[in-house]
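Visitor: I'd like to hear how the labels get assigned here. Could you take me through them one at a time?

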Amino acid sequence: TYWTTALAGEVGELCNMIKKMQRVERGGVDGGSSYTAKDITKEMLKEEIGGIAIYLDLLAYLLNISLEEAIVDTFNSKSEKYGFKEKLEARG
């Protein structure tokens, strides 16, 4: 459960940043926490996305699942289900 909790935390942090940015874009109030939307940098977003990828990869590894295979298979399955022509190919 440690890696799933860590993953959820990283996703939550990214979502909170995006929420703050969108709130300001829509004319809302910026504030109410330790940082504001104008404090959020591309580097901060990049770090959260990187953390998500790392924890997801660690979780997949612990479950003996290839993260690349899971992404390719799921993407292609959804493309087929919804009638999209885009497909991913596994590197290999």
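**Labels and their cut-offs**

Guide: Let's start with Arg91, which is exposed because its relative accessible area is 73%, and exposed means over 50%, buried under 20%, partly exposed in between (1.4 Å probe, protein chains only). Bear in mind that this is a predicted model, where local features need pLDDT of at least 70, side-chain atom pairs count only at pLDDT 80 or more, and totals for chains, interfaces and linings use all residues. Residues are numbered from 1 along each chain as its sequence is written, and side-chain values use heavy atoms, leaving out hydrogens and water.

Visitor: What makes Glu68 and Arg91 a salt bridge?

Guide: Their closest N and O atoms are 3.7 Å apart, and the rule asks for a side-chain nitrogen of Lys or Arg within 4 Å of a carboxyl oxygen of Asp or Glu. Glu68 sits in helix H3 and Arg91 in the segment after H3, so the pair ties together parts 23 residues apart in sequence. Helices here are DSSP runs (H or I, at least four residues), numbered from the N terminus.

Visitor: How many salt bridges does a search of the whole structure find?

Guide: Two. Lys46 also forms one, with Glu43, and there the closest N and O atoms are 3.8 Å apart. Both lie in helix H2, three residues apart, about one turn of the helix.

Visitor: Why is Lys46 called exposed?

Guide: Because its relative accessible area is 53%.

Visitor: What makes Ile71, Phe75 and Leu88 a nonpolar patch?

Guide: Patch members need over 30% relative accessible area and no salt bridge, with nonpolar side chains (Val, Leu, Ile, Met, Phe, Trp, Tyr) joined within 5 Å. Ile71 clears the area limit because its value is 45%, which also makes it partly exposed. Together the three residues have about 240 Å² of accessible area, by the Shrake-Rupley method.

Visitor: Which residues make up the largest nonpolar core?

Guide: Ten in all, including Leu7, Met17, Ile52 and Tyr55. A nonpolar core is a set of buried Ala, Val, Leu, Ile, Met, Phe, Trp, Tyr and Cys residues joined through side-chain atoms within 4.5 Å. H1 and H2 each supply at least two residues of this core.

Visitor: What is Tyr55 in contact with, leaving aside neighbours within four places in sequence?

Guide: Trp3, Ala6, Leu7 and Glu10, where contact means heavy atoms within 4.5 Å.

Conventions
Patches are made of residues with over 30% relative accessible area and no salt bridge: like charges are joined within 9 Å, nonpolar side chains (Val, Leu, Ile, Met, Phe, Trp, Tyr) within 5 Å. Accessible areas come from the Shrake-Rupley method with a 1.4 Å probe; for residues, only the protein chains shown count as cover.
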